[in-house]
Amino acid sequence: MTSTFATKVRYHKKIKYYYYLFLLRLSIHFDLKTSGALVFIIEEDDEPPFKRVKVSSGKPGDLSKSTFLRDPASCSLNDLMARPLVCQGDDEVVCTKGVVKKVEFVRIIAEALYSLGYNKAGARLEEESGIPMQSAVVKLFMQQILDGKWDESVVTLHKIGLMDENIVKMASFVILEQKFFELLDGNNVMDALKTLKTEIGPLCINNDRVCDLSLCILSPPQRVLAGMSGQDVVRAKSRTKLLEELQKLLPPTVIIPEQRLVHLVEQALDLQLDACRFHNSLVGEMSLLTDHQCGRDQIPSQTLQILQDHSDEVWFLQFSHDGKYLASSAADCLVIIWEVKLDGLFCVKHRFCGHQKPVSYMSWSPDDHQLLTCGVEEVVRRWDVELGECIHIYEKNGLGLISCGWAPDGKRILCGVTDKSISMWDLQGKELECWKGRRTIRISDLGITSDGKHVVSVCKDNMILLFGWESKAEKAIQEDQTITSFVLSTDNKYLLVSLLNQEIHLWDIEGTVKLISKYNGHKRSRFVLRSCFGGLDQAFIASGSEDSQVYIWHKSSGEFVETLAGHSGTVNCVSWNPVDPHMLASASDDHTIRIWGLNQVNMKHNGTVSNGT
């Protein structure tokens, strides 16, 4: 009976019947003594195993037409083993700073030529310079991958001379996994199983992945399976994709990263943009022939409109997230919603009345349909921006509210309370939670990260607390001076802190908090002044000042950029339109709001040359 079945298997007849028989004769178990690695026990006939069939995922690759190399190597492995790139002038440099090595420079130029399809030029460069892009053993390895010569490629991998054994193991795993999948795709189940048992398993890495691979044997042929490790098991990839994956594993000194020269040029252009202290426009075409340079005319420095509808000092203002509205509040207890027309001019949309005390803080809902307003130690009101109506009033008996903000889902609000606690309500006014203790002081600033994980508040005169309302984890920012206000960047990466000593500090709050920049020059001695992020990619910092001016700095470099003069009283607050990098608003004790834009006259007549703007 066994012989009959073996004969049927040998000649590939009744494959389905063989498959079920194979499953009956297969036992798979975990050997706990071998660190959880899978051990496969296979009962085999006495007859010789069938011939292994190598199944290609497509036509064998031809490296002579590939961006990876020009032609397959044709020499013995003994001659190739651990042979480094031998070039003339390995230490020779090609720049005055002595950091660009000639060998590396020529190799990445050659790679760029081949990737552009200039194979003859690439080969000529290698020949004339005497500097090969890849060593002969690496060429052979890459060709073997494209040809599907898996066993030979693993042997060649060990001949490359990699010092890190872990990299060799990981690369071997990736190669053998592809071999395993291609065998399965060719219905060569027994050989695939042996590869898993005798070649992949003994590597003793990524045991979860080995478990996932075993599922592919026990399941019907599918392109993607749900793995035990929580990740999908994707069947055989193209050999070109496999080579790209190996390229990322192996050191760049072994295989030049694809399009390395293009990547370096793009990095250089990005660095030029970051270093340009006036860059504030979307880049058009940038030339590689000249350095990027923007003019001062990219900064909103001209007063385009003066809004005069408040009858007292304007304390606070904030653009909506979509940039279509501006909310302003003042000591006259009035809140005004301004609509930004298509021509850039502002007009009054609504006047919100109802607060009994000056309105010191406001917060737009995530969808910009509603607005929270907070009176000085009073109540918080929620307004419908479209209808112009107050929807709900939030208050606590015997206590005043000093700040407000939205949870990212728009279904809950948070408020700072005069007893130094922070409360959370649903929209209907039901208090959901209250964090007591020194959570906040009487500074009307409150930040909630857009992922909803952290609340930011001033818990002491010189300390800001970031605490997770779900994780309960806390981290603090300690300043040497009294904190007067702060603002959170829209990407949640930075916190801008204004201090009593006329400095503004920029803190990186991702991971471990760290101070990364300081800005000074503005004047502050008596009042709370509010600063903001703004401009293209929030590349600038703006702040009010008691000398009636607006100050602007370049965020990354800390360099001073511009002062905007025009107000006749202290500038209490500034807000940069998050959609239009050329629109800035400022609020002043002179009862006005100024809208700042580009100086059109200078743009037309100053003759500024700008590469890429």
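Mentor: Happy to! A salt bridge here is a side-chain nitrogen of Lys or Arg within 4 Å of a carboxyl oxygen of Asp or Glu. This is a predicted model, in which local features need pLDDT of at least 70 and side-chain atom pairs count only at pLDDT 80 or more, while totals for chains, interfaces and linings use all residues. Residues are numbered from 1 along each chain as its sequence is written, and side-chain values use heavy atoms, leaving out hydrogens and water.

The count comes to 14 salt bridges. Start with K179 and E199, whose closest N and O atoms lie 2.8 Å apart. This pair links distant parts of the chain, with K179 in helix 8 (residues 165-185) and E199 in helix 9 (residues 189-200), 20 residues apart; helices (H or I, at least four residues) and strands (E, at least two) are DSSP runs numbered from the N terminus. K179 counts as buried because its relative accessibility is 4%, where buried means under 20% relative accessible area, exposed over 50% and partly exposed in between (1.4 Å probe, protein chains only). D151 joins K179 and E199 in a network of salt bridges.

Next, D309 bridges to R351, with the closest N and O atoms 2.4 Å apart. D309 lies in the loop between strand 5 (302-307) and strand 6 (314-319), and R351 in strand 9 (residues 346-352), so the pair links distant parts of the chain, 42 residues apart. D309 is partly exposed at 33%, and R351 is partly exposed at 44%.

Finally, E339 and K341 meet at 3.8 Å, N to O. E339 is partly exposed at 23% relative accessibility, as is K341 at 39%.
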